[in-house]
Amino acid sequence: MTPDPSSCPLCGQSNQCAMEAGLGIEACWCTATPIEPTALQAIPQASQGRACLCPACATRAHPPQGGGLAKANPSGH
């Protein structure tokens, strides 16, 4: 499935990308907004370089992929 370039690959909402709307990069919110590094790491491989994050997802910290401690064995072994 091809990612929708106008939708955020993390939440599916409009990414508000100015370039996707036919405007220049200088008009885009992302040029003036710091992007959370964990947000970039959370983008699925298939969407990398094909769809931009939305402002909300771009500025919010995301848990590391792979689940970290959440995947620990509940029995403690």
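I started at Pro-64, which lies in the segment after H2. Helices here are DSSP runs of H or I with at least four residues, strands are runs of E with at least two, and both are numbered from the N terminus. Pro-64 counts as exposed because its relative accessibility is 64%. For that label I used these cut-offs: buried is under 20% relative accessible area, exposed is over 50%, and partly exposed is in between, with a 1.4 Å probe and protein chains only. I then looked up a distance for Pro-64: its C-alpha atom is separated by 7.7 Å from that of Gln-41, 23 residues apart along the chain.

Note on the source. This is a predicted model, where local features need pLDDT of at least 70 and side-chain atom pairs count only at pLDDT 80 or more, while totals for chains, interfaces and linings use all residues. Residues are numbered from 1 along each chain as its sequence is written, and side-chain values use heavy atoms, with hydrogens and water left out.

Whole chain. I found 2 helices and 0 strands in the protein chain. Of its 77 residues, 23% count as buried. The chain exposes about 5300 Å², and carbon and sulfur atoms supply 58% of that area; the areas come from the Shrake-Rupley method with a 1.4 Å probe, and for residues only the protein chains shown count as cover. I also looked at contacts, meaning heavy atoms within 4.5 Å. Among those between residues at least 6 apart in sequence, 57% join residues at least 24 apart.

Core. Which residues make up the largest nonpolar core? I listed 10 residues: Cys-8, Ala-18, Cys-28, Trp-29, Ala-39, Ile-43, Leu-53, Cys-54, Cys-57 and Ala-58. Such a core is a set of buried Ala, Val, Leu, Ile, Met, Phe, Trp, Tyr and Cys residues joined through side-chain atoms within 4.5 Å. Leaving aside neighbours within four places in sequence, Cys-54 is in contact with Cys-8, Cys-11, Ser-14, Asn-15 and Trp-29.

Segment before H1. The C-alpha atoms of Gly-12 and Leu-53 are separated by 9.1 Å, with the two residues 41 residues apart along the chain. Gln-16 is also in the segment before H1, and it counts as exposed at 51% relative accessibility. Gln-16 has a positive phi of about 55 degrees, although it is not a glycine. Most residues other than glycine have a negative phi. Thr-33, again before H1, is partly exposed, with a relative accessible area of 25%. From Thr-33 to Pro-55 I noted 8.1 Å, C-alpha to C-alpha, for residues 22 apart in sequence.

Loop. Where does Ala-46 lie? I placed Ala-46 in the loop between helix H1 (37-42) and helix H2 (55-59). Ala-46 counts as partly exposed because its relative accessibility is 44%. Its C-alpha atom is separated by 7.2 Å from that of Pro-3, 43 residues apart along the chain.

The lining of the largest pocket has 16 residues, of which Cys-30, Leu-40, Ala-51, Cys-52 and Leu-53 lie nearest its centre. A pocket is an open set of points on a 1 Å grid over the protein atoms alone, where a 1.4 Å probe fits, with protein on both sides within 12 Å along at least five of seven lines; lining residues have an atom within 4 Å of a point.
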